[in-house]
Amino acid sequence: MRRFPRPDGPAAGPPRPGNLPHETNRFIGRAAELGALRGTLETARLVTVTGAGGVGKSRFAAHVAARTPEHTRPDGVWRVELAAVRQPELVAYTVLEALGLTDHTTRPPRRVLVDHLAERRLLLVVDGYEHLVDACASLVRDLLRAAPGLRVLAVGRRPLSLEGEHLFPLAPLTAADAVELFADRAAALLPGFALDDDRLGDVTEVCRRLDCLPLAVELAVGRLRALSPAQLMERLDDRFRLLTGGGRDTLPRHQTLRTAIGWSHELCTAQERLLWARLSVFSGQFDLEAAEYICGGEGLRADAVLDVLHELLAQSVVAREESAAGVRYRMLDTVRAYGAEWLEQTGDGRRMRRRHRDWYMGLATWCELDWFSARQGEVAARIDAELANLRTALEFCLTEPGETHLGQYLAGTLWFYWAGCGRLAEGRHWLERSVGLDDPAGGDAATEYGGSRLKALWVLGYVAILQGDTVSALAALQECREEAEHSGDATALAYAVHRTGCLALVTDDMPRAERLLRAALTRYREIGELNSNVLMGQVELAMAVAFQGDLAQAVALCEDVRQVCEAHGERWTLAYALYVLAYAAWHDGDLAGARALLEECLVIDHQFHDLLGTVLSMELLALITLTEGDAAEAAVLQGAAGGIWPSVGLPLFGSDHYNGPHELCERRARADLGDARFDELARAGERLGHDEAVARALGRGERERVAAVLRPVRASAPETREPAASPTANGGETTG
């Protein structure tokens with residue numbers, strides 16, 4: 001009887017920066033290749049692991065990357081998965097997301113990446129780029145040129161074809177390793193399974209006929225619940241003759257993988273094959289409710305989807321994953337592509353993509369409503385998890401004839417995510433695309449979503465204001481206001497007036513800001529609008545009157561906002577109200593009260609990845625720290641804020657009023673410390689990462705609170721079983 005080594009443990013050493021997933025089962029074989037790739041990575045800055053789909057490139061590369069010496073990559077190992085990305089222009093955004101970077105500025109994402117990586121030493125694993133090879137190659141080239149400490153391990157089915165690229169072709173497993181892989185996975189699937197002499201011949205033949213491709217072997221193991229190894233070999237022989245997988249010019253390994261997947265497909269029931277095909281419309285992860293809604297009907301009842309999905313999970317066609325939004329599912333990209341081909345052959349592809357779009361429009365609508373509630377954290381986690389699918393839905397709307405108005409609706413409905421969760425740059429990308437398209441749609445659909453373009457315009461203006469792009473903001477808001485007045489859309493007009501008042505606020509025209517914001521709040525009351533945006537308008541009014549010297553009125557306005565937020569469980573707008581209250585407390589000399597308010601504000605902003613709220617709080621905390629007598633710590637905090645502002649936009653909006661506390665703090669700190677010492681401490685603060693800066697700002701001796709801020713929130717998903725893909729009674733603007 002064959003015996004194999006016990007599973008190896010995790011990589012040695014303490015945790016380090018990065019996002020590589022932990023291995024969940026034993027890595028099998030490839031001892032020579034592992035050593036060779038480690039050696040290549042020591043000398044080459046760009047190494048590309050190539051090979052056929054299913055040969056095990058991703059697992060192999062991740063296994064090696066996780067074991068690179070820590071001293072050579074002090075800034076960590078980071079993995080970027082591009083398989084779910086469809087548009088070349090989103091490659092840089094996806095890299096930003098993988099690195100955990102948030103940027104609110106008008107800088108192109110490529111510039112943000114260059115600035116971030118320029119002085120860092122890390123290994124970037126870029127996986128699944130073959131359908132975006134030109135965009136990915138261009139980005140990798142620019143990053144390598146700008147960041148001398150960067151090394152890239154690319155993983156795909158073709159080279160990037162860049163100067164200095166070292167190719168590492170990955171062959172299938174050896175026969176012995178493939179048999180060991182089969183035995184290991186079979187023992188995990190069927191306790192007590194042993195590769196005795198009776199089974200060894202059959203298993204060896206199965207692996208040989210599958211060309212020892214890891215994916216094919218694991219798919220075969222998935223059938224052991226119903227078949228013996230001997231039966232596997234017999235059925236595999238039949239399916240090889242039936243499913244050749246391509247023409248004479250197709251690579252043999254591609255034919256082999258197609259045969260393995262096609263064989264698994266043939267062994268599925270009719271309903272399992274139907275669900276497999278329909279699940280191919282998803283990008284990245286999906287949940288059960290989405291699968292039931294989108295894939296149910298016409299041959300597959302919605303209440304049967306769970307049972308059929310369970311069988312696909314058992315056969316390793318679909319994988320189960322845990323996320324902050326709960327249990328999720330994912331198909332390997334190769335398996336998804338095979339299902340997509342079958343879906344198109346059925347002629348049902350366009351209908352399924354419409355159902356996919358409808359579901360995610362409904363999800364966005366429900367999440368917008370839920371944003372104004374105690375479920376804000378859950379909403380943020382849910383949209384994070386569904387971002388790939390939302391991108392796919394947006395792309396469908398903006399490329400399908402007659403669907404532009406739906407794309408405008410979806411891009412505008414996600415305002416809370418763009419503005420509240422640190423996604424300003426990507427939000428602006430979709431908003432500008434949507435409002436720049438003519439919509440020839442007519443009939444009931446265009447009428448129902450008639451305010452969609454106006455909503456997209458005011459959201460675009462809002463995003464541009466937060467980025468410090470006042471010219472673009474004014475153009476979008478003027479167009480929105482003129483069209484709203486012409487069409488009689490009272491809701492869009494209220495939002496246009498509100499955001500124009502916000503623009504006046506950050507450009508130091510306080511009397512005009514106060515006038516416009518009061519007018520907007522009156523309009524909101526007249527139409528019965530109450531949500532996070534409305535409350536934010538009241539906070540902005542408080543800032544306008546505070547900057548004009550009326551702190552008592554500012555406090556009254558924000559205390560009212562605070563009560564409403566606490567009644568509804570709203571926290572994002574609450575953080576900004578607390579900021580104004582802290583400003584007033586500092587002005588009145590209540591340093592302890594101001595610090596407590598700002599620390600709560602900072603906790604909330606950091607949990608939502610709201611860099612604007614974070615950096616405003618940090619600026620005021622620096623001044624309070626100085627007033628408490630610690631000029632050195634104030635200099636560090638100012639430096640930390642200075643390190644964050646480039647990711648937000650124009651520092652302090654270029655506003656004299658917002659800049660006042662900053663200038664006061666710097667002037668006094670320099671007087672206490674001297675210019676040289678101040679600059680030294682500020683530079684130290686600027687080098688802090690976002691998490692480190694927040695932990696520093698929250699103060700010494702608060703380890704538990706700091707840990708709570710930086711710990712990811714495990715959130716359940718909002719209830720979305722029957723999402724209505726339509727606006728609310730108030731024209732789609734009643735939001736959270």
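Is Trp-572 buried or exposed? Trp-572 is buried, with a relative accessible area of 1%; here buried means under 20% relative accessible area, exposed means over 50%, and partly exposed is in between, with a 1.4 Å probe and protein chains only. Before we go on, please keep in mind that this is a predicted model, in which local features need pLDDT of at least 70, side-chain atom pairs count only at pLDDT 80 or more, and totals for chains, interfaces and linings use all residues. Residues are numbered from 1 along each chain as its sequence is written, and side-chain values use heavy atoms, with hydrogens and water left out.

Let us stay with the aromatic residues. The structure holds 21 aromatic pairs. Rings of Phe, Tyr and Trp (its six-membered ring) pair if their centres lie within 6.5 Å, and the planes decide the label: under 30 degrees apart is stacked, over 60 is edge-to-face, and the rest are tilted. Trp-415 and Trp-572 make a tilted pair, 6.1 Å centre to centre with 55° between the planes. Trp-415 belongs to helix α18 (residues 415-420) and Trp-572 to helix α27 (residues 572-587), so this pair ties together parts that are 157 residues apart in sequence. Helices (H or I, at least four residues) and strands (E, at least two) are DSSP runs, numbered from the N terminus. Trp-415 is buried as well, at 0% relative accessibility.

Trp-572 has another aromatic partner in Tyr-576. Their ring centres are 6.1 Å apart and their planes stand at 75°, so this pair is edge-to-face. Both residues lie in helix α27, four residues apart, which is about one turn of the helix, and both are buried.

On a 1 Å grid over the protein atoms alone, a cavity is a set of points where a 1.4 Å probe fits but cannot get out, and lining residues have an atom within 4 Å of a point. Grid points are joined across faces, edges and corners, and a volume is the space filled by probe spheres set on the points. By this rule there are five cavities of 30 Å³ or more.

The largest cavity holds about 230 Å³ of space. Of the 19 residues that line the largest cavity, Met-536, Glu-540, Tyr-576, Leu-612 and Tyr-658 are the closest to its centre. Two or more lining residues come from each of α21 (452-467), α23 (490-506), α25 (532-547), α27 and α29 (611-627), and α25 gives the largest share, four residues. By class, this lining has 17 nonpolar, no polar and two charged residues. For these classes, Ala, Val, Leu, Ile, Met, Phe, Trp, Tyr, Cys and Pro count as nonpolar, Asp, Glu, Lys and Arg as charged, and the others, Gly among them, as polar.

The second largest cavity holds about 100 Å³ of space. Its lining residues include Tyr-93, Glu-97, Asp-103, Arg-423 and Glu-426, and the elements that give two or more residues to it are α3 (91-98) and α19 (424-435). This lining has five nonpolar, two polar and four charged residues.

Helix α29 is also the place of Ser-617, which is buried at a relative accessible area of 0%. The side chain of Ser-617 reaches the backbone oxygen of Gly-613 at 2.9 Å.

Now for a look at charges and rings. A charge sits over a ring if NZ of Lys or CZ of Arg is within 6 Å of the ring centre and within 35 degrees of the ring normal. Arg-499 lies over the face of Tyr-462, at 3.6 Å from the ring centre. The charged end of Arg-30 sits over the ring of Phe-60, 6.0 Å from its centre.

Most residues other than glycine have a negative phi. Arg-30 has a positive phi of about 60° although it is not a glycine; Arg-30 lies in the segment before α1 (31-43) and is buried, with a relative accessible area of 4%. Asp-508 also has a positive phi, of about 70°, and is not a glycine. Asp-508 lies in the loop between α23 and α24 (510-527) and counts as partly exposed at 23% relative accessibility.

Definitions and conventions. 1 Å grid on protein atoms, 1.4 Å probe; cavity = no way out; pocket = protein on both sides within 12 Å on 5 of 7 lines; lining within 4 Å. Polar contact = N/O pair within 3.5 Å; in protein donor to acceptor, adjacent residues only side chain to side chain.
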